[in-house]
Amino acid sequence: MFEIVLLLLLLPPIICKVYTLKCPVNDPFHVPHEWYQPGGFLIGGITHQIIYISHTVSFNEHPSHNLFGFPIVVPKFYQHMLALAFAVNEINENPKILPNVTLGFHIYDSYNDAKMTYHTILDLLFKSQSYFPSYEYGTKKKLMAIIGGLGSDVSFHMANVLGLYKMPQLTYGSFAPNGSPAMGIPSFYRMVPNEAHQHTGIIQLLHHFGWLWVGLFAVDDENGEHFLQTLERMFSQNGICSAFSERIPNQAHFDTGDIIDAISNVYIPFTDQKVSAFLIYGEPLTILWLRSAIFGRDPENKENASFKKVWIMTAQIDFTLTSLQRGWDFDLFQGAFSFTIHSKEVQGFEEFLHMIKPHRMEGNGFFKDFWEQAFDCSFSGSQDLIFADGACTGEEKVENLPRTLFEMQMTGRSYSIYNAVYAVAHALHAVSLSTFNYRIKIRNKCLELQHLQPWELHPFLQGIWFNNSAGESLSFNPKKEMGSGFDIMNMVTFPNNSFHRVKVGRVDPNALEGKEFSINDDAIVWHRGFNQSLPLSVCSDSCRPGYQKEMKEGEKFCCYNCVPCPEGKISHQNDMVDCFKCPEDQNPNKNKNGCIPKMMSFLSYEEPLGIGLASAAVFFSLITALVLGIFIKHRDTPIVKANNREITYTLLVSLLLCFLSALLFLGQPGKVTCLLSQPTFGFIFSVAISCVLAKTITVVVAFIATKPGSNMRKWVGKRLAHSIVFSCSLIQAGICTVWLATSPPFPNVDMHSLIDEIIVECNEGSLTMFYSALGYMGFLAIASFMVAFLARTLPDSFNEAKFITFSMLMFCSVWVSFVTTYLSTRGRATVVVGIFSILASSAGLLGCIFAPKYYIIVLRPQLNNREVVLKFYHHILALSFAVNGINKNSQILLNTTLGFHIYDSCNYSIMTYCTTLDLLFKSQRCFHNSECGIQKKLMAIIGGLGSDVSFHMANILGLYKIPQEINKSPKILPNITLGFHMYDSYNDATMTYRTTLDLLYKSERFSFNYECGTKKKVIAIIGGLGSDISFHMANILSLYKMPQIFEDGFQISVFSFAG
């Protein structure tokens, strides 16, 4: 039942004609529609306006009597032949083109049928207005070119015939794919651009709106298959996917079976909500078939109203209806995009359309059917049986027709026909201009222009170049294509079933690179269901910046999940396939959707640590400057003049520069600061240590020179110290010069060591030279330490050797720690370590060497005068002289050599006590052990100068009661020397027991061994002060039968050993 209803809908319900064909006696096959206008040269035309529903041949009568059924006119295509006629008339009226030649035309219809196409093309070639039955004989009709056809199949049918006769064929609506047979026919010209530009425009349009999930409809023929293959390949190359690919039956014939079979396949994708963009490729009447299929599925338009789709039509498709569907609307296609052949407004064409009236169309075999079906009327003089709404008055106006039936503006195809006519006319005009007296020399034969053959027009067509009346410059390219791209039209529908096409974009292959595609978003009108918001057509929602796509298994690449970017990578655009790393100088932000510059990491003056180090450097510099100023002020005092005053000044200046050199390491490293910082500090430190070494060597040489007969006296003086400073500094200067000349330090950025920061640092340039300078400085420090250590015991009121020893020990400790820390740190920490090492080592030298002198100069100035120094020094020399005299006297101490050990009390009680204890118990190996006896044979102590010093010495020496009388008397223990070992009980039982056991068993080597006897000869113990202490001692001593003598005050033991 449905099939019957649908068939009735598709058959013409209003117009029903019975044609009585009156063929001439000598014409067995009459073509019902043609339009002929005579002229000196004719341009043929094959249009596509009439569709016949053919009857099945029954062979009951002659086929020609029932060849044509009911004609269905496509009124919109009537403009094509009008454009041809308009162009011919315009040329004939133009005296500048073919002034002595009149153009005519002869137009047939292809009827969208291969058989009729071959028939009409042969008629064009050979049939004159007076019928000649044989196609073998030439006619008097001067047909120079044929324009047509509309579809690719009709154009190819025409090319099969015209190619044999080398007749120029100019197609106006056919896009022949590359590699098609028509491309190889020399007489085949195309007035349309290459279809590849349309493919590119489609891709750019989809990308512009972000439509990556697209449904494809294509006509079911070779062209449709080629289109799908091409688009699928381009889709995959541009990140677009086809949601489906549906075939549309070829040709717009109304076969009920085909419609019913295709409706379900075509209609199902409409319900897919993810797919909003439909791309349709077909022939001119494909939209007619598609609209009929949708109407057949939903006649009352209930479901169609809810469909929200964006339709994208290729240039082959036209929005048109026949008179049978005049009541149908195009609301479903509201907001659709249509690629059309580029066109411009042609002046006078619209006025020409206004003049279309029945009395002006004599000889036009198409006009009657067009007028009747376009206006739904019939002419009164018609002998056919007609059922229409009324009679045609001839006053109807084409501008009142809806655009689905007729357009007043020249369409792209009409524009191509218009240009084709002008191309042929200009080619003929070029022929006329290339001859003298309208002659042309071809193959050494002179022919008259009026005898020109169509095939002789090809060289002129291929090289033609002209400007049409619209102002466009036109010519054929090497592929014999003419056209300047495509226009992108936006369809706006109206309630009166009409529509208006608005130009919103352009695809211009001749534009500048990057400007080939353009579109005006503001001019676009979307489907009402989208509320003027941009439609989405994607399989998966867009992945926001900070995420990347993760493909779904078994689905197309447009269907994916969104996952966050991995650590260290970002994505700054939507729908990125892979996240990427930031540049080396940037880091991902928190959301991983952008890069932020890394912090420039260097030790600046503004940060607290930089302020602290800079303040410390300035503070120590001021202290050094103060000390230098005081030394210069007191330059004539003995303590300043001692050990070479000039070297002292040099040392203080170098220390001042050492503190200031630390400031070179602060702030952002630059070319100058990097070039100066490390070599400068290395050289200045070497000068400082050279001064220390010179001072120490000067002291050693001076004391060696005091020995009788010493050869070192010639080295005593300033020359030695200056030579040491100069030579040691010169070596370091040479190292730094080579360093700067070969591979100097330079500013460098380290982007890899720290994740969030760029380390701005000074690259050493040559690590070998850097460590050479550092190593040489360390060598000088070690040498100074060793010499100072050996000279620490030399007697001198102002001997600096002890302080130099300690300062060099601290200096070496600092820089050994610096090397290990420097290699294990990066960035600002490295600079901090370096600055701290400079400040610490410089401060150590300043404090250890100059603090005692500063103390004497400022706080004890009475000791800083020449008389006191000379007096003190005379005491030392006297002692030394006496000892040397005794050792040289063979009559005194024949087998024994006297020595001496001299300390300075520094006129200070604490130092007096310390030096006295050192004299008593300190060995030469620096083991301070005041508890145990030592091997040093100290026989007597001479000192002190003042009563207070003597009293402090007596406080200690009186406790030890040095047995001067017993040991000096030859009558008492002549071969034995007495010694003593003293402890304190601390008025505590535990300590009493311990000290008693120590007296009994503790050896000289600190090995506690209460089980084994020792070599210590303890013969008695004297003590203790109280009865409880004496009782505790007796508890132990009685076990060993050790004599215990009670006395008040202290425990005293007397022991002896072989002298």
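**Disulfides in the predicted model**

Cys674 and Cys762 form a disulfide, with their sulfur atoms 1.9 Å apart. The structure is a predicted model. The link of Cys674 and Cys762 is left-handed, with -80 degrees about the S-S bond. Cys674 lies in helix H16, which covers residues 671-705. Cys762 lies in strand S29, residues 757-763. The pair therefore ties together parts that are 88 residues apart in sequence. Cys674 has 0% relative accessibility, so this residue counts as buried. A disulfide is a covalent bond between the sulfur atoms of two cysteines. The structure holds seven of these links.

A further disulfide is formed by Cys539 and Cys559. Their sulfur atoms are 1.9 Å apart. The link of Cys539 and Cys559 is right-handed, with 105 degrees about the S-S bond. This pair links distant parts of the chain. Cys539 sits in the loop between strand S20 (517-519) and strand S21 (547-551). Cys559 sits in the loop between S21 and strand S22 (560-564). The two cysteines are 20 residues apart. Both Cys539 and Cys559 are buried.

Cys543 and Cys562 also form a disulfide. Here the sulfur atoms are 1.9 Å apart. The pair links distant parts of the chain, 19 residues apart. Cys543 is in the loop between S20 and S21, and Cys562 is in strand S22. The loop between S20 and S21 thus holds Cys543 as well as Cys539. The torsion about the S-S bond of Cys543 and Cys562 is about -95 degrees, so this disulfide is left-handed.

The partly exposed class lies between the buried limit and the exposed limit of over 50%.

Two further cysteines were assigned to the buried class. Cys812 has 19% relative accessibility, which means that Cys812 counts as buried. Cys848 has 13% relative accessibility and therefore counts as buried too.

Note on methods
Residues are numbered from 1 along each chain as its sequence is written. This is a predicted model: local features need pLDDT of at least 70, side-chain atom pairs count only at pLDDT 80 or more; totals for chains, interfaces and linings use all residues. Side-chain values use heavy atoms; hydrogens and water are left out. A disulfide is a pair of cysteine sulfur atoms within 2.5 Å. Helices (H or I, at least four residues) and strands (E, at least two) are DSSP runs, numbered from the N terminus. Buried means under 20% relative accessible area, exposed over 50%, partly exposed in between (1.4 Å probe, protein chains only).
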